[in-house]
Amino acid sequence: MYRAGVQSFEELTNIPRSLRAALEQEFVLPDAQADAVATASDGTRKLLLRYGDGVAVETVVIPDPPRLTLCVSSQAGCAMGCRFCATARLGLRRNLSSAEILSQVLAARRILQAQERITNIVFMGMGEPLANYENVVEAIEVLTAQWGFDFSARRITVSTVGLLPQMERLVRETPVQLAVSLTAPTDELRSKLMPVNRRFPVQALVDVCRRLPLPQRRRVTFEYVLLAGINDQLEHARRLASLLRGVRAKVNLIPFNPFPHAPYSRPSEDSVRSFQQELLAHGVHTTVRRSRGLDVQAACGQLALAHGVGPARSTGEARAMGSAATVSGE
Ligand code: SF4
């Protein structure tokens, strides 16, 4: 079922007809309708998938040869309220079931070209994966099982704002990679950008990361969305380096992906490079994420907003916000 990506039990012609009929009676296959598929000039494809009850989520296929990464959503909307994120504007509709998470992989595979194959899966779409812990872990189980999608766990990354108890559990219970959205090196700044920091402050978050029982050669990736004039000064880089001392860390810098009326702007290439250099000079392994699909509202939540998906707001308001929303939790 998972490997062939069947859309109905009828397609399972390798099992008896009577069994197919019985399956049809008892089970519903994970499936979602792709409402919109947008393709960027760099090959990034973004799907807006709608489930039976009308909620919609985004899934993004990102080609970066030899890799082809799929960014999946774990919740419809999000309750975390990160200020730089378009999805935050939607609020939380509901958790996705494990089947709904897996249906994103099936739907994405259906739009791939013949020679394409998903190599990596990142839980960096809509929602905070660890706020939907059980369903996300169940989906990971199917993704990595030989009887399921048979993906290598090392090629699956779960990104979190840092829900500490669930984060520790995830590292204990699964072999997937962990990414932590940090974005500011101090409580004062992080609490302004990410309200979750009031519950799980920077130092506690980093202390937990320092103690995580990571297997050999594994590091925690810290994502840092660079916002011009807000958190991109060299002083911030130095504080970040000192904060991460003793942590097996890698920093992934994500220059903010702006659009008209966004409350933040993208830092210049020079300041991104200087920030990276400063971290490298302090011995912090640092990469810069290339922006993908800029012309298809690549930031998570943007496509949903543009299509009027939102719980508490009218379509008109959501559309208006589509142009004002900011970058994602990608
Ligand atoms: S960045 Fe992630 S956790 Fe924060 S509001 Fe957006 S989707 Fe939620």
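Q: How are helix 2 and helix 3 oriented to each other?

A: Happy to take a close look! Please keep in mind that this is a predicted model, in which local features need pLDDT of at least 70 and side-chain atom pairs count only at pLDDT 80 or more, while totals for chains, interfaces and linings use all residues. Residues are numbered from 1 along each chain as its sequence is written, and side-chain values use heavy atoms, with hydrogens and water left out.

Helix 2 covers residues 98-111 and helix 3 covers residues 133-144; helices here are DSSP runs of H or I with at least four residues, numbered from the N terminus. Their axes cross at roughly 45° and come within 8 Å. Axes are lines fitted to C-alpha atoms over the stretch in contact, and angles run from 0 to 180 degrees between N-to-C directions. Helix 2 and helix 3 are therefore oblique to each other, a word for whatever is left after roughly parallel (under 35 degrees), roughly antiparallel (over 145) and roughly perpendicular (65 to 115). The crossing of helix 2 with helix 3 is right-handed, meaning that the near helix is turned clockwise from the far one by less than a right angle.

Which residues touch? Helix 2 brings S98, I101, L102 and V105, and helix 3 answers with N135, V136, E138, A139, V142 and L143; contact means heavy atoms within 4.5 Å. Sorted by class, this contact has 7 nonpolar, 2 polar and 1 charged residues. Here Ala, Val, Leu, Ile, Met, Phe, Trp, Tyr, Cys and Pro count as nonpolar, Asp, Glu, Lys and Arg as charged, and the others, Gly among them, as polar.

For another pair, look at helix 7 (residues 234-243) and helix 8 (residues 269-281), which pack at about 30° with axes 9 Å apart. Helix 7 and helix 8 are therefore roughly parallel to each other.

Methods:
Helices (H or I, at least four residues) and strands (E, at least two) are DSSP runs, numbered from the N terminus.
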